[in-house]
Each structure stands twice: as structure tokens, then as C-alpha cells.
Amino acid sequence: MLSGIQPTAGSFHLGNYLGAVRQWVALQESHDAFYMVVDLHAITVPQDPAELRANTRLAAAQLLAAGLDPDRCTLFVQSHVPEHAQLGWVMNCFTGFGEASRMTQFKDKSAKQGADRTTVGLFTYPILQVADILLYQADAVPVGEDQRQHIELTRDLAERFNGRYGDTFTIPAPYILKETAKIYDLQDPAVKMSKSASTPKGLINLLDEPKVSAKKIKSAVTDTDTVIRFDPEKKPGVSNLLTIYSTLTGTGIAELEQKYEGKGYGALKTDLAEVMVEWVTPFRARTQEYLDDPETLDAVLAKGAEKARAVAAETLARAYNKVGFLPAK
Ligand code: TYM
């Protein structure tokens with residue numbers, strides 16, 4: 001298993017947690033799992049150096065607070081393992097320009113930024129992600145739906161490389177849970193919850209004051225009907241709330257529908273707000289504990305980088321050899 005998350009300013013949001021990080025925590029029990037904070041990817045858009053450093057630690061602290069255990073998985077920072085950039089270059093040379101141009105996340109982001117502000121790094125971003133995954137010979141990549149196309153590119157490039165040079169890379173599969181593949185904006189359930197696209201009221205930041213998050217849940221958009229039923233097409237707002245509720249509490253959707261039969265949206269929202277407060281309160285406290293002890297945090301990341309490098313270096317050496325690079329003596 002391999003996955004990554006960007007060191008965003010402030011806090012992860014609920015979509016990050018339910019769509020990805022929650023699965024990371026579960027999968028560390030059963031798999032050899034590598035999880036990283038992708039700071040190389042972060043600089044594809046402008047970053048303040050001090051903030052990037054702080055956000056990288058903050059991301060690691062949140063991953064630990066969410067339940068990653070450094071004894072059960074390898075948690076590291078991408079730039080601590082230089083092989084990512086090195087294999088990234090090789091994979092750049094196996095990617096068609098047209099192929100990279102078809103990546104929808106790039107098209108969306110670059111359209112928003114305009115051509116002059118869009119970096120070449122943003123264009124090659126998915127190819128660095130390909131390298132991230134292939135270096136660890138990952139069988140599966142736990143992510144949300146928005147990353148599916150990047151995993152498909154990874155499969156294509158791994159097959160291309162293997163086809164040309166013989167078996168080198170494991171072909172990875174996306175690991176995307178149907179229920180939580182896409183968590184939606186609370187104010188506009190037609191779009192996914194995201195830092196860049198959501199309205200402030202539609203986005204739950206995990207480190208916000210719990211009462212702020214509770215308020216956002218209570219003012220979530222539903223519909224003019226009053227029936228609490230899971231129907232993403234006709235009732236996207238209510239269905240999103242049911243997904244969040246069900247995942248955070250481990251209660252099945254059918255059971256929730258039964259529980260709220262004949263009750264209004266107000267009851268559902270009040271209870272979910274309570275569930276949210278109960279989840280975020282200890283999460284915030286644990287994150288703060290890791291932030292208060294940066295030495296321990298850095299030691300976890302140093303150990304993670306060492307373990308990651310051992311694996312990454314072996315794969316890179318194989319790929320370099322296949323390509324025909326003269327080994328350094
Ligand atoms: P990032 O940092 O944007 O998001 C981290 C994870 O959160 C998931 N996610 C969501 N899931 C459900 N609903 C949502 N509304 C939602 N919003 C975000 C994302 O799908 C992702 O799994 N390119 C990646 C980082 C990356 C990576 C990798 C991932 C770099 N290298 C290698 C896997 C493997 C990204 O920007 O994720």
C-alpha cells in the first residue's frame with residue numbers, strides 16, 4: 001500500500017479523512033503500508049517556505065492523531081527520499097505530452113490559474129505521483145475518487161515500462177471505497193468538498209473549533225422534502241450527511257434511515273453535529289500533543305524516511321539499470 005497527502009495550510013478537511021486517511025489507518029493493520037506527506041507536490045503552486053515547513057509537520061501530526069502508528073506503517077516526508085524526484089524524471093521521459101495534457105486535475109487547476117501562472121511542475125505533477133507509487137511496488141493505492149485518473153496513468157506507464165524492459169514495476173490498483181469515494185461540500189452537494197472549491201461554510205476543517213464544525217453541519221443544505229433517505233441523485237445533501245454519519249459511527253445507512261424515520265432533518269443534523277464534535281475534539285488534542293513535541297515528530301519522520309529509502313533505492317537502481325544508465329562506481 002502506498003498513498004500520499006498534501007501538506008495543506010491549517011488542517012486536513014473531512015473529505016481527506018473519510019476518503020483516504022481513514023482507510024490508511026485500517027490498512028496498516030493488514031498490509032505493508034507507506035504513507036507520505038507530499039511536499040514536492042505542494043510546490044507546484046507557490047508556497048511560503050516557513051509555512052510549508054510548518055504545514056509539513058502539521059500534516060504528519062494529523063496523520064498520527066488520526067491513528068497512523070509508526071510501528072505499523074512507514075510514515076515519511078516525500079522530499080526526504082530523493083528517489084521520488086529521480087524516478088519522476090525517468091517516468092517523465094516515458095509519458096506522452098498529449099497523455100499528460102489529458103489529466104483532468106491539471107486541466108481544471110491550470111484553467112483557474114491561467115497559463116502564465118501555471119508551472120511545468122503542475123503539468124508533470126501526476127508523473128511524480130506515478131514515481132511515488134512505483135518506487136514501493138505498491139499493489140494498491142488508497143485514495144478518493146479524484147485521484148483515479150492518476151492511478152490509471154500509473155498503471156499505463158508501469159505497463160509501458162515493463163513491456164519495453166521486462167518486469168520491473170508492480171501494476172497498482174486504485175483502492176477507492178464506494179461509500180466515501182467523494183464527500184461533498186455541505187453547502188453545494190453537487191461538488192466535492194475541497195479547500196480550493198468549497199465555500200467556507202461547506203468545508204469541515206478537522207482542526208477548526210468543534211463548535212464551528214457543529215454549526216456547519218447544522219446549516220448544511222438539504223432539500224425541501226423532509227424524508228431522511230439515502231438517495232444521492234435526488235437527495236444529495238441528505239445522502240452526504242448520512243454517509244458522513246454512517247462512516248464516523250460505523251452505523252449502517254439502512255439503520256440510520258430507520259432511526260430517523262418520521263423525524264426531521266433537524267434531528268439528524270443535531271445528532272451528526274454531536275458525533276462530529278466527539279470525533280474532532282480528541283483529534284485536535286492529539287494533533288496538538290504531536291506539535292508540542294517536534295523532536296519526537298521529527299524522529300518518527302526520520303525513521304520513516306530511512307525505511308522508505310531502503311525500498312525506494314532498490315527500485316530506482318533496477319529502473320536505472322533497465323534504462324541503461326552506467327552504474328556509478
Ligand atoms: P490530496 O492531498 O489532494 O488529498 C488527499 C486524499 O484525500 C482524498 N480526498 C477526498 N476523498 C473523498 N472526498 C473528498 N471530497 C476528497 N478530497 C480529497 C484524495 O482523493 C486523496 O486520496 N495527488 C494526491 C497526493 C499524492 C498521492 C501520491 C496519492 C501524491 N502522490 C501517491 C496517492 C499516491 C493529492 O493531491 O491528494
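Modeller: Ala, Val, Leu, Ile, Met, Phe, Trp, Tyr, Cys and Pro count as nonpolar, Asp, Glu, Lys and Arg as charged, and the others, Gly among them, as polar; by these classes, the lining of the largest cavity has four nonpolar, two polar and one charged residues. This is a predicted model, in which local features need pLDDT of at least 70 and side-chain atom pairs count only at pLDDT 80 or more, while totals for chains, interfaces and linings use all residues. Residues are numbered from 1 along each chain as its sequence is written, and side-chain values use heavy atoms, with hydrogens and water left out.

Biologist: What makes a space count as a cavity, and how many of 30 Å³ or more are there?

Modeller: On a 1 Å grid over the protein atoms alone, a cavity is a set of points where a 1.4 Å probe fits but cannot get out. The count comes to one cavity of 30 Å³ or more, and about 50 Å³ of space lies in the largest cavity, the volume being that filled by probe spheres set on the points, which are joined across faces, edges and corners.

Biologist: Which residues line the largest cavity?

Modeller: Lining residues have an atom within 4 Å of a point, and here they are Gln105, Phe106, Lys109, Leu122, Tyr125, Pro126 and His150.

Biologist: What makes a set of residues a nonpolar core?

Modeller: Its members are buried (under 20% relative accessible area, 1.4 Å probe, protein chains only) Ala, Val, Leu, Ile, Met, Phe, Trp, Tyr and Cys residues, joined through side-chain atoms within 4.5 Å. The largest such core has 58 residues, and those with the most contacts inside it are Leu63 and Ile244. H12 gives the most to this core, with nine residues. Apart from it lies another core, of 38 residues, among them Leu122, Tyr136, Ala138 and Leu157.

Biologist: Which residues does Ile244 touch, leaving aside its neighbours within four places in sequence?

Modeller: With contact meaning heavy atoms within 4.5 Å, Ile244 meets Leu14, Leu18, Ile183, Leu186, Leu272 and Met276.

Biologist: Why is the protein called as compact as a globular protein of its length?

Modeller: The protein has 13 helices and five strands. Its radius of gyration is 21 Å, close to the 20 Å that the globule rule gives for 329 residues, so the description holds; the radius is taken over C-alpha atoms, and the rule is 2.2 Å times the number of residues to the power 0.38.

Note on methods: On a 1 Å grid over the protein atoms alone, a cavity is a set of points where a 1.4 Å probe fits but cannot get out, and a pocket is an open set with protein on both sides within 12 Å along at least five of seven lines; lining residues have an atom within 4 Å of a point. Buried means under 20% relative accessible area, exposed over 50%, partly exposed in between (1.4 Å probe, protein chains only). Helices (H or I, at least four residues) and strands (E, at least two) are DSSP runs, numbered from the N terminus.
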